[in-house]
Amino acid sequence: MSIHSFMQNIQTTKLTRATIMFPLALVLFEFSVYICNDLVQPAMLAITKDFGVSSTWAPSSMSFFLLGGAFIAGLLGPLSDRLGRKTVLLGGVAFFIMTCLAILFTPNIESFIALRFLQGFGLSVIGAVGYAAIQETFEERDAIKVMALMANVSLLAPLLGPVLGAFMIEHVSWHWGFIGIAILAFLSWFGLKAKMPDPKISRVKQPLSYIWDDFKQVLKNKRFIILTMSLPTICMPLMLWIALSPVMLVEQLGLSSMQYGIAQIPVLGGLIAGNLVLLNIINKLPLGQTVLYAVPMMLVGTLVIVAGLFVPEYFVYHLIIGMTLVSLGEGLSFSIVYRFALMSSEVSKGTVAAALSVLMMLSFFIVIELVRMIYEAYGIWGYSIACVGLIALWFTLPRACLKTLMEERKERGEF
């Protein structure tokens with residue numbers, strides 16, 4: 001059996017109380033990885049102060065975390081095709097736990113950022129291995145439902161992270177955050193070991209050169225590239241919000257740490273609401289229709305932010321309302337576009353998911369660092385215009401590609 005075709009022989013299953021235990025164990029690890037970012041970002045002002053460096057290091061904690069996610073994905077996906085998803089996933093969780101404990105002993109900001117880079121490997125474990133396993137395990141719409149449910153649970157991280165980060169800044173050391181994260185990931189490891197399916201698939205021992213051949217086949221797929229590169233246009237404004245909002249809201253706009261945490265609730269609540277709406281209507285509309293409705297709403301949200309620049313006394317309200325519309329649209333869009341991108345290539349899904357993760361994480365790293373520099377030069381104006389530009393990119397090739405894909409599915413009789 002070839003490495004390209006073994007995926008087709010894996011039997012998918014329906015979403016039931018029994019089969020959902022694996023996604024719940026995976027989402028506990030996903031929560032651990034995400035809160036490793038969302039808890040740390042609001043604490044970065046205190047961390048940079050502890051290390052005696054400028055607060056401009058704060059966004060780098062997130063961008064290098066994302067760069068770490070891109071760095072190892074190209075290896076983890078193909079490796080899980082050959083060794084099995086479960087083996088690689090358990091090893092990745094164990095490595096993440098070790099990096100969370102190692103960061104407790106960092107003497108300077110450089111070693112702190114280096115370990116943030118290594119912690120970012122956890123993103124690859126989720127994206128290149130965990131998500132591929134979800135897509136293989138469940139039927140199409142059930143897989144999208146599982147992804148949306150996982151997104152809702154993992155969104156507790158950015159909701160709780162700012163509040164817990166504010167608490168840490170005021171009452172305890174930031175070190176305790178990483179200890180708690182390591183404990184959560186440790187519990188996830190046991191859950192995955194017990195509940196993750198491990199189908200016994202006969203894998204032909206291929207030369208390592210086949211990894212590059214597989215990647216070339218994926219990267220030559222025009223539809224894959226367009227859909228994959230459209231994902232950052234959908235989720236980058238919210239990623240930029242998470243990376244820059246501590247500096248924008250606390251340093252520039254003068255909010256307290258607790259006010260900063262409260263400001264996250266409507267923004268990230270919009271993402272939860274979008275996922276919940278998607279769960280309720282996914283069986284009622286052609287797959288992809290919600291994306292065509294949601295992205296224009298996201299563009300409106302970014303324009304609301306820009307409008308607020310002209311009324312500075314109300315800018316905070318414009319910013320929060322605009323970002324809430326953006327996050328609501330992301331919740332209605334991301335899981336579907338991700339599924340379409342992953343399934344646009346016939347190559348084994350570990351390799352496809354790895355290529356997808358590498359392209360996404362590199363895009364995240366480049367855009368966050370670029371917008372950080374723009375923000376340093378132009379302040380909130382730079383952030384606001386960058387958000388409009390990112391969403392506007394969707395209305396070029398990605399929108400046309402999605403509409404073509406939906407027409408093809410309609411012709412095949414796929415709802």
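**Helices of a predicted model**

Helix α1 (residues 21-38) comprises 18 residues and extends 25 Å from its first C-alpha to its last, close to the 26 Å expected at 1.5 Å a residue; the expected span is 1.5 Å times one less than the number of residues. Helices here are DSSP runs (H or I, at least four residues), numbered from the N terminus. The model is predicted: local features need pLDDT of at least 70 and side-chain atom pairs count only at pLDDT 80 or more, while totals for chains, interfaces and linings use all residues. Residues are numbered from 1 along each chain as its sequence is written, and side-chain values use heavy atoms, with hydrogens and water left out.

Helix α1 is mostly covered, with 14 of its 18 residues buried, where buried means under 20% relative accessible area (1.4 Å probe, protein chains only). Ser61, in helix α3 (residues 58-83), counts as buried because its relative accessibility is 0%. Leaving aside neighbours within four places in sequence, Ser61 is in contact with Val40, Gln41, Met44, Phe112, Ile113 and Arg116; contact means heavy atoms within 4.5 Å.

Helix α4 (residues 85-102) packs with helix α6 (residues 121-137) at an angle of about 155°, their axes 10 Å apart. Axes are lines fitted to C-alpha atoms over the stretch in contact, and angles run from 0 to 180 degrees between N-to-C directions. The helices α4 and α6 are therefore roughly antiparallel, a term for angles over 145 degrees. From α4, the contact involves Arg85, Val88, Leu89, Gly92, Phe95 and Phe96. The residues of α6 in this contact include Phe121, Val125, Val129 and Glu136.

Conventions. Helices (H or I, at least four residues) and strands (E, at least two) are DSSP runs, numbered from the N terminus. Buried means under 20% relative accessible area, exposed over 50%, partly exposed in between (1.4 Å probe, protein chains only). Angles under 35 degrees count as roughly parallel, over 145 as roughly antiparallel, 65 to 115 as roughly perpendicular and the rest as oblique.
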